Amino acid sequence: MISDPRRPVGVRDVAAAAGVSRQTVSRVLNEHPDVAEATKERVRAAMSDLGYRMNNAARALGTKRTRTIGVVASDALQYGPSRSIAAIEASARAAGFWVSAAFADSGDADSVRSAVAHLQAQAVDGLIVFAPHASALDALDGLDVGVPVAMLHAGGRGESGLSVDQVAGARLAVRALVGAGHRHIAHISGPEEWMEASARTAGFVAELAAHGLDPVAIVRGDWTAGSGHRAAAAIDESGATAVFASNDQMALGLIGGLRERGVRVSEDVSIVGFDDAPDAAFFWPPLTTVRQDFEELARRAVAAVTGEGLVSREPVAPVLVERASIHALRRRSGIARQGNP
């Protein structure tokens, strides 16, 4: 059957093609349980034949739901947020929802509030907000959102926060280095305004203290490989035999910077990263790192805002992925560095 090309296919057309009432078509669209399965199949076949496209706004009038999740996204160039966006999209689709994203500067409260208002105007069923900076959370304090909210990348802060256990992940990294015999351990941290970076630094310090150790050096980075490369001089001069880098990109830059200074990785300096980015297994040496389960985090976030599925508020446990960038401690003095006499 071919519909009139001058107007979009509507419920009336589907009803006529399926031999049912418009009310029955509406019930099928709204997933009403009191419709025979054979009737549902007939209506769906008519929709397919006619090329019917459901109007979400019209559906919302009947169900009060659009089956759309709003995502206030930020820092999408960083590995964690970008992986989270993809995982949320996949998890939402699996649950029968669509995602509508509004990008904001998470360090700008007005930008976050504007993104929330934009998504509220679309009548989304829930909001997932990327809030890596404290200012993003502050922007939502006292704001009447009107739908369920889940916060990601907020270091577990707030009642609606869902997170990977950043402190535990950092402690895993340090424990692996101490277990290899290292006692002089340095850290390249993430940006000060990122709550996850602060949590990783806190875990680094706490695990060292548990072994009676103090940091040899803490160098501030900005998540980029460039900042890891720039940190190489301070790390080398500190006498550290091991480094925990707060993400894999900074670890990559550090590897390059140390090699330029004649320091062998991992023979002279062992390195552990964080994230388990896809390239980490192909660094040289392959990088030992802490893996975050973004898929589980996304599943919980979608379930939290849709009410469809069980949600654990416990932080998601990270996992240490062991590769070749950790070497049992060797005395650096007396070891000829590459490129040095």
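Author: Let us begin with burial: a residue is buried under 20% relative accessible area, exposed over 50%, and partly exposed in between, with a 1.4 Å probe and protein chains only. Phenylalanine 294 counts as buried because its relative accessibility is 1%. Tyrosine 79, at 22% relative accessibility, counts as partly exposed.

Reader: On what kind of model do these values rest?

Author: This is a predicted model, in which local features need pLDDT of at least 70 and side-chain atom pairs count only at pLDDT 80 or more, while totals for chains, interfaces and linings use all residues. Residues are numbered from 1 along each chain as its sequence is written, and side-chain values use heavy atoms, with hydrogens and water left out.

Reader: How many aromatic pairs does the structure hold?

Author: Rings of Phe, Tyr and Trp (its six-membered ring) pair if their centres lie within 6.5 Å; planes under 30 degrees apart count as stacked, over 60 as edge-to-face and the rest as tilted. The structure holds 4 aromatic pairs. One of them joins tyrosine 79 and phenylalanine 294 edge-to-face, with 5.9 Å from centre to centre and 75° between the planes. This pair links distant parts of the chain, 215 residues apart: tyrosine 79 is in helix α5 (residues 79-94) and phenylalanine 294 in helix α12 (residues 294-306). The helix names follow a rule: helices (H or I, at least four residues) and strands (E, at least two) are DSSP runs, numbered from the N terminus.

Reader: Which residues form one aromatic cluster?

Author: Phe204, Phe244 and Phe274 do. A charge may also sit over a ring, which requires NZ of Lys or CZ of Arg within 6 Å of the ring centre and within 35 degrees of the ring normal. Phenylalanine 274 has the charged end of arginine 200 over its ring, 3.9 Å from the centre. In a further case, the charged end of arginine 67 sits over the ring of phenylalanine 97, 4.1 Å from its centre.

Reader: How many bridges join strand β3 to strand β4?

Author: There are 4 bridges between β3 (residues 126-130) and β4 (residues 149-152), which run parallel; isoleucine 128 has alanine 150 of β4 as its bridge partner. Strand β4 is joined to β5 (residues 161-162) by 2 bridges, again with parallel strands. Methionine 151 partners glycine 161, and leucine 152 partners leucine 162.

Reader: What follows in the loop between β5 and α8 (166-179)?

Author: Serine 163 lies in that loop. Serine 163 is buried, with a relative accessible area of 11%.

Reader: What order do the strands take in the open sheet of 4 strands?

Author: The order is β7-β6-β8-β9, with parallel pairing. Strands β7 (217-220) and β9 are its edge strands, each pairing on one side only. Between β6 and β8 there are 4 bridges in the parallel sense, and isoleucine 188 stands opposite alanine 245 in β8.

Reader: Which strands does helix α11 touch as it packs on the sheet?

Author: For such angles, axes are lines fitted to C-alpha atoms, for helices over the stretch in contact, and the angles run from 0 to 180 degrees between N-to-C directions. Contact means heavy atoms within 4.5 Å. Isoleucine 188 stands opposite alanine 245 in β8 of this sheet. Helix α9 (residues 195-210) packs on the sheet, touching β6, β7 and β8, with its direction at about 170° to that of β6. Helix α11 also packs there, touching β6, β8 and β9, and its direction makes about 165° with that of β9. Within α11, the buried residues include Asp248, Met250 and Leu254.

Note on methods. Two strands pair if DSSP finds at least two bridges between them.
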